[in-house]
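Here is a model to work through in questions and answers. Please look at the sequence and coordinates first.

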Amino acid sequence: MPGEKLTKRKLQGRETRQKLFETSLALFNERGYENVTIDDICERIGVSKGAFYTHFKSKDQVIVENFMYLDAGYDDAIGDGKAAASAFEKLYAFQLYAMRKLEEIGWKAVKLVYHVETGAGRNKSFLTSKS
């Protein structure tokens, strides 16, 4: 929030959340999503399980947030529309960005997000929402 003063505690909370996020992704890549527990993530950086659940509802949320972060970059990839003169150039810029990012995170992460978001019991998925 603009103008919000960050206390030392809030700053530490943000740092802990970022460490949890990065550590989770690293462990998922090293061992595979199914082979990583919340305990593994917390043990790696020396925080409690409660700290994980303060910042994330589940391992699934880490994966979804990673893709939402990537989605936020799409606007930057095609710019404000002035840099790319044609629809083809905009589409090309978008595809180039998307392929680079997907290569960066790996096919396992892509497969995992589709598994998480389309799995049984999912009422609403960010992949299929109309908002």
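**Salt bridges, burial and surface**

K49 has a relative accessible area of 40% and is therefore partly exposed. The model is predicted.

Me: With which residue does K49 form a salt bridge?
Reply: The closest N and O atoms of the pair are 3.7 Å apart, and the cut-off is 4 Å. K49 lies in helix 3 and its partner in helix 2, so the pair ties together parts that are 10 residues apart in sequence. The partner is D39.

Me: Is D39 buried or partly exposed?
Reply: Buried would need a relative accessible area under 20%. The value for D39 is 41%, so D39 is partly exposed.

Me: How many salt bridges does the structure hold?
Reply: One of them joins the side chains of E30 and R44, at 3.1 Å from N to O. E30 lies in helix 1 and R44 in helix 2, so this pair ties together parts that are 14 residues apart in sequence. Another is formed by R31 and D40, with the closest N and O atoms 3.3 Å apart. The structure holds 4.

Me: How far from K59 is the nearest side chain of opposite charge?
Reply: K59 is found in helix 4, residues 59-72. K59 is buried yet has no salt bridge, and among the residues it touches are F28, Y33, E34 and F52. The nearest side chain of opposite charge belongs to D60, and its distance is 6.7 Å.

Me: Why are the buried residues of helix 2 on the same side?
Reply: The buried residues here include I38, I41 and C42, in a helix that runs over residues 38-45. They are on the same side of helix 2 because they cover an arc of only 90° around the axis. In general, an α-helix has 3.6 residues a turn, so residues three or four places apart point the same way. For helix 2, the arc asked about is 90°.

Me: Which residue just after helix 2 takes a positive phi?
Reply: The phi just after it is about 75°, and the residue is G46.

Me: Which residues make the nonpolar surface patch of about 350 Å²?
Reply: One member, Y92, is found in helix 6, residues 87-105. Y92 counts as exposed because its relative accessibility is 52%. The patch is made by F88, Y92 and L96.

Definitions and conventions: Residues numbered from 1 in each chain as written. Predicted model: local features only at pLDDT ≥ 70, side-chain atom pairs only at ≥ 80, totals over all residues. Heavy atoms only, no water. Helix = DSSP H or I, 4+ residues; strand = E, 2+ residues; numbered from the N terminus. Buried < 20%, exposed > 50% of the residue type's maximum accessible area, 1.4 Å probe, protein only. Lys, Arg positive; Asp, Glu negative; His and termini not counted. Contact = heavy atoms within 4.5 Å. Arc of directions from axis to C-beta. Patch = residues over 30% accessible without salt bridge, like charges linked within 9 Å, V, L, I, M, F, W, Y side chains within 5 Å. Areas by Shrake-Rupley, 256 points an atom, 1.4 Å probe, with all protein chains shown as cover.
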